[in-house]
Amino acid sequence: MKTNAQRSGRLPVPSRTVAFIAIFLLALAGVLFSLVQGAVSIHVLDIIGVFRGAETGGTHDIIWNVRFPRTLVAALVGIHLALAGALLQGVMRNPMADPHIIGVSSGAGLTGIAMIVLFPAYSYLMTPAAFIGALIAAGLVYALAWKNGIQPVRLILAGVAVSAFFGSGISAMLVFYSDRVDGALLFLVGGLSAKTWPHFQQLLPYTVIGGISALLLARRMNILALDEQNAKGLGLNVEAARVLVIAVAALLSASAVSVVGLLGFVGMIVPHVTRMLFGHDYRLLLPASALIGISVMTIFDTLSRIIFAPIELPVGILTGAIGAPFFIYLLRKKGSRV
């Protein structure tokens, strides 16, 4: 006879503990892989020497001023997109929900592009502007998809429509201001090239605020997984909880977009894989998603640097190339229930 854990597809408690340790070690391995590999490979002992202060010169500059801050930015972006995807998938009851697919990233991208091409002197306001754009996009998707509840098909269609709408705004802006598109191209593709300590410092406060907020929402997310009547019976203000969850997801997504541009599918893949291992309890799902997000982004970013070395491939191209087939797989697998 199958156990409840086997029927739900998740690992039993002891195995989940082992898996949690494994993904923590995988996150550390992703960080180390990012520090070691690049245009120039650096030995692990030399990296240890840099952090101990025993290594100076070129190796110190490469690790401390180039690879380490870039790796930290990649890790934070992985946390942001993974948590945002997990929250959106839960609140919208759809395993294919993702900041990129449902238009949240496009809303942040439109306001981000506007800051780049129209108001470059106010670039320090990029994150708040992206947050406003993401909130508007999320609100539109939710409003268009709502009709006596949220249905997966309406959600995907509304997300495609909103994403196309904001995407056309981005295209129009680039056409009208074609002389200023150089700084916008990498933003549109999504990349971590030249990300240094100021970018890490820009992103870190939003990681702390958004990450803590997401973890505090775990109990509400578990209740939202019930049907609406049961959730209300447990004393939850369902609509207020949904708005709060969407706002936190928008903050996480927008802050990531404002630093690295439009990265697709990470927010869809990571929570889905995490849910397969740890089930639907958001008290486990959220921290586990964050760790796997670190692994995915640091490993993908490193691969983007070394696959066509010395030419660096923007990591957004790699995530899109891998994420699109995964989306098709999910669509076929869940098709009968969507």
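**Salt bridges around arginine 70**

Tutor: Arginine 70 and aspartate 301 form a salt bridge, with their closest N and O atoms 2.8 Å apart. The model is predicted: local features need pLDDT of at least 70, side-chain atom pairs count only at pLDDT 80 or more, and totals for chains, interfaces and linings use all residues. Residues are numbered from 1 along each chain as its sequence is written, and side-chain values use heavy atoms, leaving out hydrogens and water.

Student: What is a salt bridge?

Tutor: Side chains of opposite charge can pair when their charged atoms come close. The cut-off: a side-chain nitrogen of Lys or Arg within 4 Å of a carboxyl oxygen of Asp or Glu.

Student: Which helices hold arginine 70 and aspartate 301?

Tutor: Helices are DSSP runs of H or I, at least four residues, numbered from the N terminus. Arginine 70 is in α4 (residues 58-91) and aspartate 301 in α14 (residues 282-306), so the bridge ties together parts 231 residues apart in sequence.

Student: Are arginine 70 and aspartate 301 buried or exposed?

Tutor: Both are buried. Buried means under 20% relative accessible area, exposed over 50%, partly exposed in between (1.4 Å probe, protein chains only). Arginine 70 has 7%.

Student: Where does glutamate 312 lie?

Tutor: Glutamate 312 also bridges to arginine 70, at 2.6 Å, N to O. Glutamate 312 lies in the loop between α14 and α15 (315-333), so this pair ties together parts 242 residues apart in sequence. Glutamate 312 is partly exposed, at 33%.

Student: How many salt bridges does the whole structure have?

Tutor: Five. One of them joins arginine 283 and aspartate 281, at 2.8 Å, N to O. Arginine 283 is exposed, at 59%; aspartate 281 is partly exposed, at 23%. Bridges with shared partners link Arg70, Asp301, Arg305 and Glu312 into one network.

Note on methods: Helix = DSSP H or I, 4+ residues; strand = E, 2+ residues; numbered from the N terminus.
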